[in-house]
Amino acid sequence: MKPIELKVNGSTVQCAVEPRTHLADFLRETRMLTGTNLGCEQGVCGACTVMIDGVPQRSCITFAVTCQGAEVRTIEDFDQDPVMAELRAAFTAEHALQCGYCTPGMLATARDIVTRIPDADEARIRHELSGNLCRCTGYVGLVRAIRRVLDARRADREARAAAGAASMDKDGPHAS
Ligand code: FES
Ligand code: FES
């Protein structure tokens with residue numbers, strides 16, 4: 001057993017793990033964070049995707065010991081996250097899930113797309129999503145859901161920029 005210390009969903013965890021223990025098993029079996037699903041267990045399907053230091057990673061092929069000092073976030077940590085709230089609503093509106101098995105991993109990747117690539121077009125979304133497999137939806141709803149969030153956020157940015165410009169015009173050179 002090897003001692004490790006890491007942050008899981010904001011809490012510091014100190015424990016000992018077998019060097020062969022994968023992060024997914026560590027999260028599911030010792031932290032009871034069963035929102036992280038296991039599909040292929042060989043790094044292909046993306047069902048086990050979690051955030052490690054802000055980057056989506058496959059927890060089924062990541063050894064827990066390599067997460068020494070890391071900050072790990074699972075789907076359970078995103079209940080109050082505003083981007084995830086927009087994505088959940090869009091997934092529902094666009095029928096982006098059916099059985100839901102891929103959904104935690106899909107949401108982790110989708111959130112990464114929305115926050116990292118705000119101007120992603122459909123081709124880029126499909127490229128970024130290519131590491132997450134879904135057996136049910138055919139991906140059309142998934143891509144539409146992510147586009148819906150990106151479009152809404154873009155419209156919001158443009159509206160705020162226009163409002164800022166209008167306010168500058170109104171206040172003119174007297175603005176303090
Ligand atoms: S379970 Fe990890 S990639 Fe499939
Ligand atoms: S919704 Fe069933 S695998 Fe994606």
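Student: How far apart are the end C-alpha atoms of α5, and what span should its 32 residues give?

Tutor: In this predicted model, the end C-alpha atoms of α5 are 46 Å apart. At 1.5 Å a residue, its 32 residues should span 46 Å, which agrees.

Student: Which residues of α5 are buried?

Tutor: They are G141, L142, A145, I146, V149 and L150. The elements covering them include α2, α3 and α4.

Student: What is A145 in contact with, leaving aside its neighbours within four places in sequence?

Tutor: A145 is then in contact with L87, A90, F91, E94 and A96.

Student: And what follows α5?

Tutor: G172 follows α5, and its phi is positive, near 55°.

Student: Let us turn to α3. Is it mostly covered or mostly uncovered?

Tutor: Helix α3 is mostly covered, with 11 of its 14 residues buried. Among them are M106, L107, A110 and V114. Their cover includes β3, β4, α2, α4 and α5.

Student: How far does α3 reach from its first C-alpha to its last?

Tutor: It reaches 19 Å, close to the 20 Å expected at 1.5 Å a residue.

Student: How many residues are in the largest nonpolar core?

Tutor: That core has 39 residues, and those with the most contacts inside it are L87, A110, V114, A145, I146 and V149. The elements giving two or more residues to this core are β1, α1, β3, α2, α3 and α5.

Student: Which element gives the largest share?

Tutor: The largest share, six residues, comes from α3.

Student: Why does this core lie between domain 1 and domain 2?

Tutor: Domain 1 (2-77) and domain 2 (82-169) both give residues to the core, so it lies between them.

How values were computed. Residues numbered from 1 in each chain as written. Chains lettered and ligands numbered in written order. Predicted model: local features only at pLDDT ≥ 70, side-chain atom pairs only at ≥ 80, totals over all residues. Helix = DSSP H or I, 4+ residues; strand = E, 2+ residues; numbered from the N terminus. Expected span 1.5 Å × (residues − 1). Buried ≥ 20, exposed ≤ 12 C-beta atoms within 10 Å, placed from the backbone. Contact = placed C-beta atoms within 7 Å. Core = buried A, V, L, I, M, F, W, Y, C linked by C-beta atoms within 7 Å. Domains from an automatic or database assignment.
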